[in-house]
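Biologist: Hi! Could you walk me through this one, starting with the sheet and then the disulfides?

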Amino acid sequence: MKIYTLFTILFIFVLNCSSSKPDTSAEDSLLLLLLASPRSSASTGTGTDGASCTSNFNCASGFLCVSAFNLDQTSTTDRCKAIPTTSGSIAINGTSSNGTIISLRPLLDFDLNVTSAGNHIITAFSTTSTVDLVLELTNAAGTVVLSATDTNPAGASRERLKENLAIGTYRVRVKNYFVSGTFGGTVRVQVANNPTLVSSGSSCNFLTNAGGSSCFDFLAGGTHTAALCGAGGTYHATNSCATVNAGAAPTISGRCLFSMNATTTNGQGFVMRSYYSAGAGVVAPVNNTAGSGDCTSNNVNIDSLGRTIFQ
């Protein structure tokens, strides 16, 4: 009896060993692979200055993968470039911050400290008409892009972004999308969030002209000239709209803040446009609704992309 029992146990053991094991499910296989695979490293790549790359992950810490079109080079290969030191801080609603893009420094970074949350318009512009600028907003370290770049073929040397920014520290990055012509040049950057805080460096008054009902204040540090007034406005190189229209005491129905979108190829910087609803000399009063509509319309002098702040 003992021998029979022992034989039965041995037979079952052999039969079980010779049987094929059931297939594991796809989920089980994936879990096994994940558990067996070594954990991926959180570190960046090894590429330093000039190394070819396809993304930031190919570049070492402190470097970025820069598009070949933002570099002054003959090849179309993207390259790792060092994250630049900042070229100063931008004063919101203040004069421009300046820097120069050259072959050895293809990226310009500026510090931006936002102390009041809300919509901000960022503009970069150059007096070199063949320069096609690219504008980005990054985190404080200069590595994570918070807003998409916006190339502007209609105005090669001007770029604008409008972002609703939280309180914090950012970087504004300017690059040169280089295809032909002149690479680089002097670049000016301005940021504004409140039309009433724009400090006028000059103005263009339309109140004294037939049908006049507005006036432009140009933010100091821009490249505004009398040519921007055209035939219908009166240019004042140093006086603001409030000064030149003090005698008329016009009632302001609204203010529009935008980056100048004039007929020239070069950018000019920020403009605050005041709309008048009443006052001496106001021939065609503009109410708040009409002013807001004009501010966001495809106006020859106003940003047709809707990057405006109206108050």
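Modeller: Happy to. A term to begin with: two strands pair if DSSP finds at least two bridges between them. Strands here are DSSP runs of E with at least two residues, and helices are runs of H or I with at least four, both numbered from the N terminus. The model is a predicted one, where local features need pLDDT of at least 70 and side-chain atom pairs count only at pLDDT 80 or more, while totals for chains, interfaces and linings use all residues. Residues are numbered from 1 along each chain as its sequence is written, and side-chain values use heavy atoms, with hydrogens and water left out.

Biologist: Good. In what order do the four strands of the open sheet run?

Modeller: The order is β4-β11-β6-β9, with antiparallel pairing. β4 (97-101) and β9 (158-165) are the edge strands, each pairing on one side only.

Biologist: And how are neighbouring strands turned against each other?

Modeller: By 20° on average, direction ignored. The axes are lines fitted to C-alpha atoms, for helices over the stretch in contact, and angles run from 0 to 180 degrees between N-to-C directions.

Biologist: How many bridges join β6 to β9?

Modeller: Eight, with β6 (residues 118-126) and β9 running antiparallel. Ile 121 stands opposite Lys 162 in β9.

Biologist: Switching topic: how many disulfides does the structure hold?

Modeller: Five, where a disulfide is a pair of cysteine sulfur atoms within 2.5 Å. With the bonded cysteines numbered in sequence order, the pairing reads 1-3, 2-4, 5-7, 6-8, 9-10.

Biologist: What does Cys 59 join to?

Modeller: Cys 59 is joined to Cys 80, S to S 2.1 Å. This pair links distant parts of the chain, 21 residues apart: Cys 59 is in the loop between α2 (26-36) and β1 (63-66), and Cys 80 is in strand β2 (residues 79-82). The link is left-handed, with -90° about the S-S bond.

Biologist: Is Cys 59 buried or exposed?

Modeller: Cys 59 counts as buried because its relative accessibility is 0%. Buried means under 20% relative accessible area, exposed over 50%, and partly exposed in between (1.4 Å probe, protein chains only).

Biologist: Which cysteine pairs with Cys 256?

Modeller: Cys 295, with the sulfur atoms 1.9 Å apart. Cys 256 sits in strand β15 (residues 251-259) and Cys 295 in helix α4 (residues 288-295), 39 residues apart.

Biologist: Why is that disulfide called right-handed?

Modeller: Because the torsion about the S-S bond of Cys 256 and Cys 295 is about 65°.
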